[in-house]
Amino acid sequence: MKNELTGKVHKFGDNISTDLICPGKYFHLRSDIKKLAKHTLEDADKDFMKKMNKGDFVVGGENFGCGSSREHAPLIIKQSGVGAVLAKSFARIFFRNAINIGLPVLECDTDKINQGDELKVNLKKGVINNLTTDEIMKARPLVDVMYRIVQAGGLKEFLRKEKI
Amino acid sequence: MKQNITEKIISKHCGKKVKAGEVVFADIDWAFVQDGTGPLTMDVIEEMGGRVSSPENRCVFLDHASPSSKYQLSDTHNKLRKYAQKRGMELFDIGEGICHQLMAENYVNPGDLVVGADSHTCTAGAFGAFASGFGSTDIAFAMSTGKLWLKVPSAIKVNLAGKLKFPSMAKDVILKIIGDLGASGATYKTLEFTGEGVGNLSMESRLTICNMVIEAGAKNGIMAPDEKVNRYIKEHRRKEIGFEKFQSDTGVKYEKEINIDLSKIAPQIAVPHGVDNVKEVKEIEKQDIPINQVLIGTCTGGRIEDLRAAAEILKDNRISSKVRMIVVPASRKVFKKANKEGLIDIFVDKGASLVTPGCGPCVGIQGGVLGTDEVCVSTANRNFKGRMGCSESFIYLSSPATAAASAVKGRITNPKEVL
């Protein structure tokens, strides 16, 4: 996985639940991640998948990923092509799941990031360069082992690589 | 070093005294998945070499699509059935009930460390166990190695005093707490319930309260075990367990302390689309909101105590012709008991619909999915937009008493009105 990510921002509010990210009405599609990913964030923004491009960022407020433990939530965000999720704070199960499946997640003050902004993110250092506003922000960088798990593509891949 | 009950349990499971903030590898007693989360877990276990440690302590529950509503789910069920058999895990098939209710009836003991691939695993904290929800990959790791890494949480103390006064129920208590804390007010923390009020709560009420701590972001909810826990275990498993009674040390420090007088809790309701959007029913009632469906069920509100409350409200009334009432007992045992007590007769006679034990329509898969612009009063634990299968519907969360009263009047109703 690349350490430097660039893309456009899709801005969301607080408490983006795993139900909004991965709606229950598509529960039967869980066995087909590619099909399920077509509905990523549909109940938060029904046009999200139409609007987004590979490498774009999902940016939320407080408590991103609250609700259920469904690992499909971060999984389809990753599958949809999103480069990373930035938020003021994450719900604990979502955060752990995101690391485990290799979706970069960073905590920072997202109030300063707006819909459509172009960002350049250095994952390892947690540095966010807002190319639209010319501001540089510092996110809480991932703890080393979490960064390595994400870089490997997730826990499965990390264990394989490290031959654990 | 003074410790709270959660720290003591985690300490026991990693062979050293731990304190909040430490990251440890803990031995786990129980690990389980359900039909939504199981398939991903299966894949990761196989990736890791296919070994399952202590398979008799690993469970697979087919409860979210109970029974299945789509061929893809039926195929998933078959995969999980074969896998459970192959790896020697305990399988609970469709119709047996919801994972958290079955864990309570069959397995969890005080002092246990329980992990599940379902966010409401925290329910089991009512036994004085450390119980927390994780994702499929983490549970695969736990099932395979018998261990899981976790950060020891710090605790918020919730002191309960007094006794609940019907029609106020345990659901009203936890809704009030979540409303006050907010959806992330307890993130990463333990909600430790203490005080004489805990002793005054039935086991069912304790399970309801612990069930919803995740809705305030908590890592686990816990109540020190007492004689009621022992009696519940004896009643359900026909054996007395010799167990170490864990209690928090006197004088241990908490992040925050909240005081609740159970006798002063009025019926509460969580307004769509947030679980922490909690108001008193008597306030919302004034808005005269007509409803289409009532759900009595789920891991929050589908136990015998909940069915009794709903039947009590219904028995001298009628369900409004404008309302569908769906009743989903949380397990086969609950269904049988409700039947023996004549509750099922009441539900059938009054026009409610019975659904196979399982999660029912809570997750929007089957058993009463909502339609466009419909309003449902539900005893479940989440009312996020689209939760019950329709993005343009509205879910209000309440106690079984409030839900049943609302079914009678055809609008959101304070249960005091129909008693």
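Author: **A close look at one helix**

Where helix α9 of chain B begins, a side-chain oxygen of B:Asp226 comes to within 3.1 Å of the backbone nitrogen of B:Lys228. The model is predicted, so local features need pLDDT of at least 70, side-chain atom pairs count only at pLDDT 80 or more, and totals for chains, interfaces and linings use all residues, while side-chain values use heavy atoms, with hydrogens and water left out. Residues are numbered from 1 along each chain as its sequence is written, and chains are lettered from A in the order in which they are written.

Helix α9 covers residues 227–237 of chain B, a helix being a DSSP run of H or I with at least four residues and a strand a run of E with at least two, both numbered from the N terminus. Within α9(B), the residues B:Val229, B:Asn230, B:Tyr232, B:Ile233, B:His236 and B:Arg237 are buried, that is, under 20% relative accessible area, with exposed meaning over 50% and partly exposed in between (1.4 Å probe, protein chains only). After the helix comes B:Arg238, a residue with a positive phi near 50°.

Let us return to B:Asp226, which also forms a salt bridge with B:Arg206, the closest N and O atoms being 2.9 Å apart; a salt bridge is a side-chain nitrogen of Lys or Arg within 4 Å of a carboxyl oxygen of Asp or Glu. Since B:Asp226 sits in the loop between β10 (220–223) and α9 of chain B, and B:Arg206 sits in helix α8 of chain B, the pair ties together parts that are 20 residues apart in sequence.

Over all chains the structure holds 33 salt bridges, and the rule finds three across the interface of chain A and chain B. In one salt bridge, the side chains of A:Arg96 and B:Asp138 meet at 2.6 Å, N to O. A network of salt bridges also links A:Asp19, A:Arg70 and B:Arg387.

To see the setting of such links, consider the contact between the chains, which takes 34 residues from chain A and 44 residues from chain B. The area buried there is about 3,200 Å², and carbon and sulfur atoms give 56% of it; buried area is the accessible area (1.4 Å probe) that two parts lose on being put together, summed over both. Of the area that chain A buries against chain B, A:Phe27, A:Arg92 and A:Arg96 supply 25%, more than any other three residues.

Note on methods: A polar contact is a pair of N or O atoms within 3.5 Å; within protein, one must be able to donate a hydrogen and the other to accept it, and residues adjacent in sequence count only if both atoms are side-chain atoms. Contact means heavy atoms within 4.5 Å.
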